[in-house]
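Take a moment with the sequence and the model below. Then follow the text from one part to the next.

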Amino acid sequence: MDNTMPTIIGASWSSYTRTICMALIHLGVSFKLQHAYPHSKLAYAHHPFGRIPTLIHGTHHVFETMAIREYIDTVFSSNLTPKDLETRIKMAQWISVLNDYVFHYVVEDVCRRRLLSEAAGKSQDEITKLLVRPIKRAKPIMAELEAMAPDDGDYLCGQQLTWADLFVYPALAVIFALPEASIFIEIAPKLSMWARKFEKRKEAIETFKGTIADDRNAMAKL
């Protein structure tokens with residue numbers, strides 16, 4: 001194995017960047033985070049569509065989070081991927097639902113829209129009206145995600161930490177950091193409780209700085 005320290009091209013506030021950073025922390029792999037905004041010159045230098053994150057390790061430049069996950073499993077450790085088929089399938093389903101539905105309809109349509117509206121100087125009333133339809137679309141998505149969640153336990157898939165936890169937690173951390181959190185907590189109380197437990201883990205604590213939740217906490221203290 002190449003002993004070069006990997007570099008992650010990404011941003012602390014990026015859910016997918018946080019997923020990869022948390023994985024490396026959990027696996028005990030030292031790495032460097034080189035900050036880059038999506039569609040910046042640095043992002044385009046390592047990703048044909050200017051997205052983040054990208055992992056650089058020796059001569060390997062791996063873009064797209066699922067490809068990075070495969071690289072980490074193969075090169076560093078596969079401990080985040082369950083060995084038994086049933087748990088592995090459950091993990092894959094969580095990740096697929098997160099990528100295809102939660103990220104699009106909740107993180108992008110609700111959370112990102114709120115953040116962009118705030119940055120544009122829109123009033124709270126304007127933002128509330130703007131989010132009515134996106135929230136209506138997001139509610140059933142969160143309800144289905146809640147239905148997938150275990151009734152108790154520290155992990156989403158069985159008795160071990162998996163990639164599912166590391167993909168889902170950063171997205172929930174964004175969702176539950178914004179004013180609309182109460183709407184989604186009411187719909188997904190099990191996931192809210194799970195996220196509150198997960199945020200106390202080393203992987204979450206060490207990647208908290210620079211996240212949307214961190215920034216909003218700082219703003220609240222001003």
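How many residues of domain 1 are in contact with domain 2, and how many of domain 2 with domain 1? On the side of domain 1 there are 17, and they touch 26 residues of domain 2. Keep in mind that this is a predicted model.

Start with the two domains. Domain 1 covers residues 7–76. Domain 2 covers residues 85–220. Their C-alpha centres lie 21 Å apart.

Now look at where they meet. Together, domain 1 and domain 2 bury about 1,900 Å² between them. Carbon and sulfur atoms give 69% of that area. On the side of domain 1, Tyr16, Arg18 and Met22 lose the most area to domain 2. These three make up 35% of what that side buries.

Which elements of domain 1 give two or more residues to this side? They are helix 1 (15–27) and helix 3 (65–75). Helix 1 gives the most, with 10 residues.

Salt bridges do occur in the structure, which holds 8. One of them pairs Arg114 with Glu118, with the closest N and O atoms 2.7 Å apart. Both residues sit in helix 4 (residues 85–119). They are 4 residues apart, so about one helical turn separates them. Arg114 is buried, at 0% relative accessibility. Glu118 is partly exposed, at 29%.

Another salt bridge joins Asp151 and Lys190, with a closest N to O distance of 3.3 Å. This pair links distant parts of the chain, 39 residues apart. Asp151 lies in the loop between helix 6 (132–148) and helix 7 (163–175). Lys190 belongs to helix 9 (residues 189–198). Asp151 is exposed, at 68% relative accessibility, while Lys190 is partly exposed, at 25%.

Next comes the salt bridge of Arg201 and Glu203, at 3.0 Å from N to O. Glu203 is buried, at 5%. Elsewhere, salt bridges with shared partners join Arg114, Glu118, Glu180 and Arg216 into one network.

Finish with the cysteines. A disulfide is a covalent bond between the sulfur atoms of two cysteines. The structure holds 0 disulfides. For Cys21, the nearest cysteine sulfur is that of Cys111, 20 Å away. Cys21 is buried, at 4% relative accessibility. Cys157 is buried too, at 1%.

Note on methods. Residues numbered from 1 in each chain as written. Predicted model: local features only at pLDDT ≥ 70, side-chain atom pairs only at ≥ 80, totals over all residues. Heavy atoms only, no water. Disulfide = S-S within 2.5 Å. Buried < 20%, exposed > 50% of the residue type's maximum accessible area, 1.4 Å probe, protein only. Domains from an automatic or database assignment. Contact = heavy atoms within 4.5 Å. Buried area = accessible area lost by both parts, 1.4 Å probe. Salt bridge = Lys/Arg side-chain N within 4 Å of Asp/Glu carboxyl O.
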